[in-house]
Amino acid sequence: MRSRGRSSWVLGVDSGGSGLRVALAEASDIGRTRTAASREPVRTGPAGIDAAHLLDQLLPMARALLGDAEDRDRDAEDPDGDASAATIGAVAIGAAGMATLGDDLRARLPGALESALGVRRLALAADAVTAYAGALGLRPGAVVAAGTGMIALGTDLADWRRADGWGHLLGDCGGGAWIGRAGLEAAMRAHDGRPGGSPALLTRVEAVFGPAPELPGLLYPRADRPAVLASFAPEVAHCATAEPADPVAAGILRDAARHIADAAVAVCPQAGACEVALTGGLFKIGDPLLVPVRAALAERLPHARTVSASGDPLAGAVRVAASLATDSLRLPVDGRLLHVPTEQGS
């Protein structure tokens, strides 16, 4: 009879704009997880991502998941079995902004998690890295993660290559906010009578937001402008596929596909076969975007094969944690993209 003392638990964490998600799994069976979530995003302050706020949410969820796992193991055991306490062997945290805003996390989390949970193996990763691990696992290739923003990450398992992910003011070209902003601009052009406008998109703007002249007052004061812009991307896709199809909307999606392909080309390993995985909520738009993206990738990366993502960033965090626990991490350790301040990386 297997005892609880032999369970090797790992914890994956995904921190993003919609909150914090946590998953507990056995290192030898990461396909079966117990999960918990908070809808409160981790705060960002002068020191970057707030480690104390992350811990305030993470620790209660981790303890509850571990306690539930212990209870289930106890119920499945021989009454005379080993009753030693379950422990978490490794944790991987993927966080939006880790590369540029993760100094507080890198400084405080290793000691805090060891003190609170006994964790000695920890990986702190950019969310693009956990998206990569979720989509492709621990093998070479490239991943395009597109939602409100857009970032591409690739590796030959020696180094990382990153393209875009610079936010809606400096980049994220082809992402949801980019598509939505282009659609709104085309609507305003139609309102003004300027070339390049789309009456169809103007109709959708007024149905969603109200009179077009009031749009700047509604949009500019919002702290969540990228999300508001991205909320209009499905309307662009709808207009591109309606009967009759709107050529301006269809052109915006083709332009987005070219930007996405540009990013994939920049990061895809050039030697040998390369898999490119597409992940993120933007691709739920479906064929109006996926068809031109796949066509652009086939033209620009003939040696690559486009594949479906096998999992999401939370699954990727669990996979990274399990690889730490089993000494099988193959992804490149990097001071900012993938920081491993434990036996694995020191």
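**A walk through the sheet and its helices**

Let's start with two strands: strand 8 (residues 141-146) and strand 9 (residues 150-155) pair in the antiparallel sense over six bridges. Pairing needs at least two bridges found by DSSP, and strands (E, at least two residues) and helices (H or I, at least four) are DSSP runs numbered from the N terminus. This is a predicted model, where local features need pLDDT of at least 70, side-chain atom pairs count only at pLDDT 80 or more, and totals for chains, interfaces and linings use all residues. Residues are numbered from 1 along each chain as its sequence is written, and side-chain values use heavy atoms, leaving out hydrogens and water.

Now zoom in: Ala146 has Met150 in strand 9 as its bridge partner. Zoom out, and you'll find an open sheet of five strands in the order 10-9-8-11-12, with mixed pairing. Strand 10 (160-164) and strand 12 (304-308) are at the edges with a single partner strand each, so one side of each has no neighbour in the sheet.

Next, the helices. Helix 6 (residues 199-208) packs against helix 9 (residues 233-241) at about 140°, with the axes 10 Å apart. Axes here are lines fitted to C-alpha atoms, for helices over the stretch in contact, and angles run from 0 to 180 degrees between N-to-C directions. Which residues meet? Ala200, Leu201, Arg204 and Val208 in helix 6 meet Glu235, Val236 and Cys239 in helix 9, where contact means heavy atoms within 4.5 Å.

Last stop: Gly251 sits in helix 10 (residues 247-267). Gly251 counts as buried because its relative accessibility is 14%, and buried means under 20% (1.4 Å probe, protein chains only).

Conventions. Buried means under 20% relative accessible area, exposed over 50%, partly exposed in between (1.4 Å probe, protein chains only).
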